[in-house]
Amino acid sequence: LRDKYLTAISAASDESGLEELRLQAVGKKGEVSLKMRELGKMTPDERQVAGPKLNALKDEINSALAAKKEALADAALDARLAEEWLDVTLPGRTRGKGTVHPISQVTEEISAIFADLGFSVAEGPQIENDWYNFDALNIPPHHPARQEFDTFYMHRDADDERAPHVLRTHTSPVQIRAMEKTGAPIRVIAPGRVYRSDYDQTHTPMFHQIEGMAIGKDISMANLKWVLEEFFAAFFGIEGIKTRFRASHFPFTEPSAEVDIQCSWVDGQLRIGEGDGWMEVLGSGMMHPKVLQAGGVDPEEYQGFAFGMGIDRLAMLKYGIPDLRAFFDSDLRWLRHYGFNP
Ligand code: PHE
């Protein structure tokens with residue numbers, strides 16, 4: 001019995017064959033187990049001789065099984081290693097990792113600052129019906145301001161009865177949509193893409209604006225100034241940065257102001273928040289009563305301020321990016337240089 005099993009075990013070629021041998025020998029109904037059961041029928045003298053022998057045999061078989069099992073596992077591992085060999089001297093394959101585009105980064109930064117000031121985010125469509133883009137903002141048909149915008153008009157057949165659509169030329173139509181949606185009082189910003197037919201170092205046909213609007217029972221120009229100064233201080237990280245409000249004109253605000261921030265040029269380098277130069281950064285004003293009305297807000301009861309600024313412009317100023325067009329070239333070297341780690 002001993003020779004039979006020890007030979008078979010050493011010849012076993014896989015784990016399932018080994019398990020079969022285990023059952024045959026020392027399993028419940030295995031040959032060795034059956035012999036052990038017969039011990040009961042033996043005389044004490046016989047048992048004293050046969051018992052220890054059988055126990056020793058059982059131990060021997062069990063340890064042979066365990067040793068063989070380990071040997072088989074080692075062999076299996078060796079085989080796998082031989083097959084899945086790995087050349088550790090091979091150079092690794094690099095995986096391209098993207099960066100956050102400066103526009104996305106700056107939009108996030110701006111939104112976070114205005115969130116702290118109690119503004120939530122509103123949205124509107126980029127293909128806008130011309131009522132929202134113009135009429136509701138007090139720019140009737142034939143108003144000269146329509147020309148100034150270099151508007152992209154959507155193609156229409158001559159017999160198309162629908163209202164004309166445009167690629168929105170500014171984020172101001174979101175003022176109307178937000179008023180319609182929430183009514184007053186309200187405090188929102190609206191970041192997004194806008195379009196104008198224009199192209200040079202500082203103009204691209206698609207760019208980004210962020211609109212701001214606050215309507216309440218006693219909102220004034222002073223609130224506008226405070227909010228904008230808080231914003232610029234936080235955005236540029238410059239406590240007490242000076243702003244200058246210049247009288248201007250927009251059909252949708254009255255009075256209107258263009259806002260400049262303090263800056264200077266030192267050795268051909270722009271320094272924000274220093275010196276006595278000025279850089280124009282946004283348009284703003286008190287919302288025109290007709291605009292409030294168009295949004296369903298009663299101008300007798302409420303006033304509001306609104307402003308609109310170019311996100312791309314702010315990104316260029318904050319991060320020293322020289323050419324606006326590069327924002328939209330998708331040049332990986334540029335993106336790696338100016339992009340942000342996620
Ligand atoms: N919509 C204006 C523009 O695109 C900016 C603006 C927004 C001015 C809100 C006043 C109030 O130039």
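In the predicted model, a nitrogen atom of the ligand lies 2.9 Å from an N or O atom in the side chain of Ser172. Two further side chains make approaches of this kind. For His170, a polar side-chain atom is found 3.0 Å from a nitrogen atom of the ligand. For Arg196, an N or O atom of the side chain is 2.9 Å from an oxygen atom of the ligand. The ligand taken alone exposes 320 Å², and 92% of that area is buried by the protein.

The residues that surround the ligand number 14. His170, Ser172, Arg196, Gln209 and Gly308 are the closest of them. Sorted by class, this shell consists of eight polar, four nonpolar and two charged residues. Three strands each supply at least two residues of the shell: E5, which spans 206–216, E9, which spans 277–287, and E10, which spans 303–310. Strand E10 provides the largest share, with three residues. The space that the ligand takes is the largest pocket.

With regard to the overall fold, the protein contains 12 helices and 10 strands. Its radius of gyration is 40 Å, whereas the globule rule gives 20 Å for 342 residues; the value is well over that of the rule, so the protein is more spread out than a compact globule. Along the principal axes, the C-alpha atoms fill a box of roughly 120 × 50 × 50 Å.

Most peptide bonds are trans, and most residues other than glycine have a negative phi. Against this background, the peptide bond from Ala184 to Pro185 is cis, with omega near -5 degrees. Pro185 belongs to the loop between helix H8 (173–182) and strand E4 (186–195). Another cis peptide bond joins Glu254 and Pro255, where omega is about -5 degrees. Pro255 is located in a strand, E7, which covers residues 253–266.

A positive phi is found at His142, a residue other than glycine, where the angle is near 70 degrees. His142 is placed in the loop between helix H6 (130–133) and helix H7 (144–148).

Conventions:
Residues numbered from 1 in each chain as written. Predicted model: local features only at pLDDT ≥ 70, side-chain atom pairs only at ≥ 80, totals over all residues. Heavy atoms only, no water. Near = heavy atom within 4 Å. Polar contact = N/O pair within 3.5 Å; in protein donor to acceptor, adjacent residues only side chain to side chain. Areas by Shrake-Rupley, 256 points an atom, 1.4 Å probe, with all protein chains shown as cover. 1 Å grid on protein atoms, 1.4 Å probe; cavity = no way out; pocket = protein on both sides within 12 Å on 5 of 7 lines; lining within 4 Å. Sits in = over half its atoms within 2 Å of the grid points. Helix = DSSP H or I, 4+ residues; strand = E, 2+ residues; numbered from the N terminus. Nonpolar A, V, L, I, M, F, W, Y, C, P; charged D, E, K, R; others polar. Rg over C-alpha atoms; globule rule 2.2 N^0.38 Å.
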